[in-house]
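Dear colleague,

Please find below the structure for your records. The findings follow directly after it, and I would be grateful if you would read them alongside the coordinates.

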Amino acid sequence: MIDRAKVLLLLAVVACGVLSAFSGNISPYYYDIIIGIGINIILAASLNLVNGYTGQFSLGHAGFMAVGAYSSAWLTLSFGYVLGLSTLGTTSMYVLALIAGGLAAALAGLTVGIPSLRVRGDYLAIVTLGFNEIIKGVIQNAEPLGAQRGLGGMLQHTNFFWTFAFAALTVYVVLSLVRSTYGSGFLAVRDDEIAAEAMGINTTKYKVLAFVIGAFFAGVAGGLYAHFKQFIHPEGFNFLRSFDIVVMVILGGMGSTAGVCLAAVLLTILPEWLRAVSSYPWLPDWLRPITENRMILYSLLLIILMLTRPQGLFGAVNLKRKKT
Amino acid sequence: MTAPLLQLDAVTMQFGGLRCVSDFSFFVGESELVGLIGPNGAGKTTVFNLITGVYRPTAGKIAFAGKSVIGHRPYRITARGIARTFQNTRLFSSLSVFDNVRTACNMHLRHGISHALLRASGFVREESEIESSIIELLEIFGLAAERDFSCRALPYGDQRRLEIVRALATRPKLLLLDEPAAGMNPTEKIELMKLIRFTQEKFGLAVLLVEHDMRVVMGICERITVLDYGKKIAEGTPDEIRHDPKVIAAYLGKEADA
């Protein structure tokens, strides 16, 4: 049986492989941005499953990313030499470490998810924010993970292919879930928990499941990041990072995978573009602080968006889809 | 006599000092259409919430098909075969008509998450089975043409109907309808009465109907229970209820005074 979604996933992975072959010619600066886009797509699309499709406002996605980044980095640093004699060995070690990082993050998602899903709305946001800070605090004090000095020395395994293959996988998983009858439970929980229970849906199971799957991909994104930058620091996974991802989800439109992916692209390019703009000689001096500080522009963007399009850029598109 | 489908035995529900339902005993037999009426605040909806597991009774027993349902989460009770609609419609507002019904098919899925992710042939087959069963249901209730509409775009009466369809998709043995005629005009109410009767006969269901509108209840119910201030004050056929002095005093009498 030929399934369109699976074929698309396969095509996307092949395309990643082909494009990856040409990526050697790209300047390191642009390459950095492109990989950043891929990682942000994974983060935003996976957070969208929690915040957008299941309606659980999580502010701790960078915490899960940190768990994945540190566990996979620790694995390749500790055990990389075991298989590290051949290219094939290091690559498979790297992929295993990515998946292990994702699983570690998923486990963290499970342990955080079960107790914290007793609260909802704003309170859940606060609990997940607290979790993010706890993870950061633990890493800052964990000597084997480099504590405040950060952790470095990983080989640069992450390339165009792995980043975007995992991005495609994330999008595939999220879409396959929310478009299936099985995944309709996520949407039901978001719209009305009482009605969802009355329709025989175990709301707790779906909430925890969304957390676990979201955390898994955040962990993978963390592993990709760690093996691209080759240096990770606890401050890189603070609440501002979580906030960045939440902004992508809200700007793109909660519950629209296409929207959040586009927002991930835009919001990765935007700070770089602003950096370029702020060095233009013709720019009036009073504009300079704004372009130099992207957070001001972020908040401005969000305010304008909330006033004009509360559902996000692509918020309502998915609802009109014909075929399910 | 075998045990009735739904049996409430001396059920009491107390919220702090307020006794919403007190010592309430009641039953619904297989494929019976029973009405539960009472003035505002009599505790009708509380009884619904007790049966469906939203509240846990302070005292008393609730058994469905011979087994206690007390302490079960609402989704487990739905899985046992009790489905409900809500007094204020609670459709999944961002979903289409079709998807609203589809959420109710979730609990009957034979396969789990791996199936949805791997999308093997079994998954495709099951999804299309579900799709055709939903379309069949929608066709029976005249909503098939609206399948891709947002449920918010439906007229009020259709929204109520969709809630019934959605409840039926859980394949219940007992359907609880909480004031289905609320906010309907007389024509819609007549349609609704026909619809409830039709549903009960077509699917062989037991139906428990909570209603304000006397005409609706009297017109279709085989048996009626009257609740006032959390207590059962009368039980009988529509005719008996209509002539019961206590009912007239508690319910109809007040309407006549006003």
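The contact between the chains takes 35 residues from chain B and 29 residues from chain A, two residues being in contact if their C-beta atoms, placed from the backbone, lie within 7 Å. This is a predicted model, in which local features need pLDDT of at least 70 and side-chain atom pairs count only at pLDDT 80 or more, whereas totals for chains, interfaces and linings use all residues. Residues are numbered from 1 along each chain as its sequence is written, while chains are lettered from A and ligands numbered from 1 in the order in which they are written.

On the side of chain B that touches chain A, the elements giving two or more residues are helices H2 (74-80), H3, H4 (113-118) and H5 (121-140) of chain B. Helices (H or I, at least four residues) and strands (E, at least two) are DSSP runs, numbered from the N terminus. H3(B) gives the most to that side, with six residues. By class, the side of chain B that touches chain A comprises 16 nonpolar, 10 polar and nine charged residues; Ala, Val, Leu, Ile, Met, Phe, Trp, Tyr, Cys and Pro count as nonpolar, Asp, Glu, Lys and Arg as charged, and the others, Gly among them, as polar.

H3(B) (residues 97-105) also packs against H6(B) (residues 156-168), at an angle of about 30° and with the axes 7 Å apart. Axes are lines fitted to C-alpha atoms, for helices over the stretch in contact, and angles run from 0 to 180 degrees between N-to-C directions. The two helices, H3(B) and H6(B), are therefore roughly parallel to each other, a term for angles under 35 degrees. Val97(B), Asn100(B), Val101(B) and Ala104(B) of H3(B) meet Leu162(B), Val165(B) and Arg166(B) of H6(B). The residues of this contact between H3(B) and H6(B) divide into five nonpolar, one polar and one charged.

A residue is buried if 20 or more other C-beta atoms lie within 10 Å of its own, exposed if 12 or fewer, and partly exposed in between, with C-beta atoms placed from the backbone. What covers the buried residues of H7(A) includes H2 (28-53), H6 (160-179), H8 (193-198) and H9 of chain A, together with H3 of chain B.

H9(A) (residues 203-229) has 27 residues and reaches 39 Å from its first C-alpha to its last, close to the 39 Å expected at 1.5 Å a residue; the expected span is 1.5 Å times one less than the number of residues. Because 24 of its 27 residues are buried, H9(A) is largely enclosed by the rest of the structure. Gln230(A) lies in the loop between H9 and strand E2 (231-232) of chain A. Its phi is near 60°, a positive value in a residue other than glycine. Gln230(A) is partly exposed, with 15 other C-beta atoms within 10 Å.

In chain B, Asp23(B) is found in strand E2 (residues 18-28), and its phi is near 50°, a positive value in a residue other than glycine. Asp23(B) is partly exposed, with 14 other C-beta atoms within 10 Å.

Yours sincerely

Methods
Parallel < 35°, antiparallel > 145°, perpendicular 65-115°, else oblique.
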